[in-house]
Amino acid sequence: MKNASIKLIKIMTFLILILFFNCSDQKTEDSKTTYKKPAWLKEAIVHAGSNQEPLIFRVRRGGVSTQIEEEYLQAHSEEIVKEAKDFGGTYYCTHLYKGFGLKAEQEERVLGKKFADLLHRYGFKVGTYVGSTMGYETFLLEKPEAEDWLAPEYMGAPVIYSTQYFRRRPYIGHPDYVKFIKNIVKIGIEEYKTDLFHFDNPANQARPEVFYHPLAIKQFREFLRKKYSPEILKKRLGFSNANLVVPPKFSALRSMQTFDDPITQEWIDFRCQKLADYYGEMARYIRSMNPDIAVEINPHGITGVNRAWESSVDFPRLLAHTDVFVCEDGNDAEVTEDGRLVSNIRSYKIGRTLNNVVFNGTGSTPIMVPEAMAFNNVCIGRPGRAQKKYIAFFHKNFEHYRDADNIADVAVLRSFPSMAYNSFTTHQSTILFEQVLIQAKIPFDIIFDDNLKDLSKYSVLVLANQESLSDGNLDLI
């Protein structure tokens, strides 16, 4: 039955090949950098919980109970730690910095450090939360000059986090902002003795609206000049001087299916590169101080939308710098009445391909913990307390999870130009082909452009409407 299914896949693969030759390979020297992962990431990891939101944020957000301070202190108590330990937890996350300012959050950090010490005494690995927004009402009182870090208004409105207008977005390419966050990181290393940095919301951090900052526009022009010679730039754009190039209007293009305009394509590539560069710089700084500290980000996983266009996420470039990523996709594992399997399997497969552990909120449906044990890499993320028996099974049988080899001989390619410059047909075809493989129980890997250099383990390569393959990639295939 499996052989018949693979033969069918081979036939379907050749039927859906659509090959164009108009895009260059996406690769950087930085993404090739290798380093030794922290040893504790090879052990059984059970994400026992988090009190990552400091009190200042909980109060400012609103909708809190009259006992908010008592509840907040309870979340830092030894009772909570003992409960997490008894449950089988090995990792816990606490707050370091939310974005309101160093002085504004000083009391919070004193409590957070004490809690980190308590967790360490009980044998936990400790993660520390670093936010991506600026609570400008307090932050700018401390650092008025940071007004220059903020993204300018877009279409007459500040660039904010969701509906929380008090959380504005700085531009990640501003050197003073980068320097400030490095100082936060230093506090986490020296005072908290952290084992992991949890950088929240990189996807929202790099939404297109942020990149209309004047410095971002300047850097975009520099990106074009560095990427292309004047001769190649003229072939790409029709002219060789990019000094007056500006990004396209995101709002005008948001509903478009494909992006054929070369400036729009280059702007997508630029944004993905800037986000990867930011976390590359953070990772190198952290590891220069302590190579045993893990770097974790929360970009979400595969959701069906064009992640490169919507949020500057190119997984190979971004996760080349990290050890862990968080998948908060809302695809809680279930089988629908009409027989569709909803899962986070794709995101787990990205983690395996790119050598990242995946943290996921697995407590909402009972089968999400078994799903994580089957597909994730040595980690169960935030299971519900009713699932203690699964945690016990995980610890008891961990020798069978450690260093497990992936035997999949089918690969599904997600090529950057094909997935980034088309928001519909390439995603639809790839998602549906992956769904067929998942529900037919055929093991497969999700791979990216750089993985084409070695396809020796695969019998089948699926190119589901991967329409924009470079000459180099075609030669490799």
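The model is predicted, so local features need pLDDT of at least 70, side-chain atom pairs count only at pLDDT 80 or more, and totals for chains, interfaces and linings use all residues. Residues are numbered from 1 along each chain as its sequence is written, and side-chain values use heavy atoms, with hydrogens and water left out.

**View 1. Strand β1 and its two partners.** Helices (H or I, at least four residues) and strands (E, at least two) are DSSP runs, numbered from the N terminus. Six of the seven residues of β1 are buried, so the strand is largely enclosed by the rest of the structure; buried means under 20% relative accessible area, exposed over 50%, and partly exposed in between (1.4 Å probe, protein chains only). Two strands pair if DSSP finds at least two bridges between them. With β13 (residues 379-381), β1 pairs in the parallel sense over three bridges, and Ile45 has Cys379 as its bridge partner there. Strand β2 (residues 91-97) also pairs with β1 in the parallel sense, over three bridges; look for Ser50, whose bridge partner in β2 is Cys93.

**View 2. Ala39, in a loop.** You will find Ala39 between α1 (2-15) and β1 (45-51). Ala39 counts as exposed because its relative accessibility is 57%. From Ala39 to Lys234 it is 49 Å in space, C-alpha to C-alpha, and 195 residues in sequence.

**View 3. An open sheet of three strands.** The strands follow the order β15-β14-β16, with parallel pairing. At the edges are β15 (445-447) and β16 (460-462), each pairing on one side only. Neighbouring strands of this sheet are turned by 30° against each other on average, direction ignored. Axes are lines fitted to C-alpha atoms, for helices over the stretch in contact, and angles run from 0 to 180 degrees between N-to-C directions. Three bridges join β14 (residues 410-413) to β15, and Val412 stands opposite Ile446 in β15. Helix α19 (residues 425-439) packs on the sheet and touches β14, β15 and β16, where contact means heavy atoms within 4.5 Å. The direction of α19 makes about 165° with that of β14.

**View 4. Residues of helix α7 in a lining.** Here we visit the lining of the largest cavity, to which helix α7 (residues 175-190) gives the most, with three residues. On a 1 Å grid over the protein atoms alone, a cavity is a set of points where a 1.4 Å probe fits but cannot get out, and lining residues have an atom within 4 Å of a point. Among the lining residues are Tyr97, Met134 and Phe180.

Methods:
1 Å grid on protein atoms, 1.4 Å probe; cavity = no way out; pocket = protein on both sides within 12 Å on 5 of 7 lines; lining within 4 Å.
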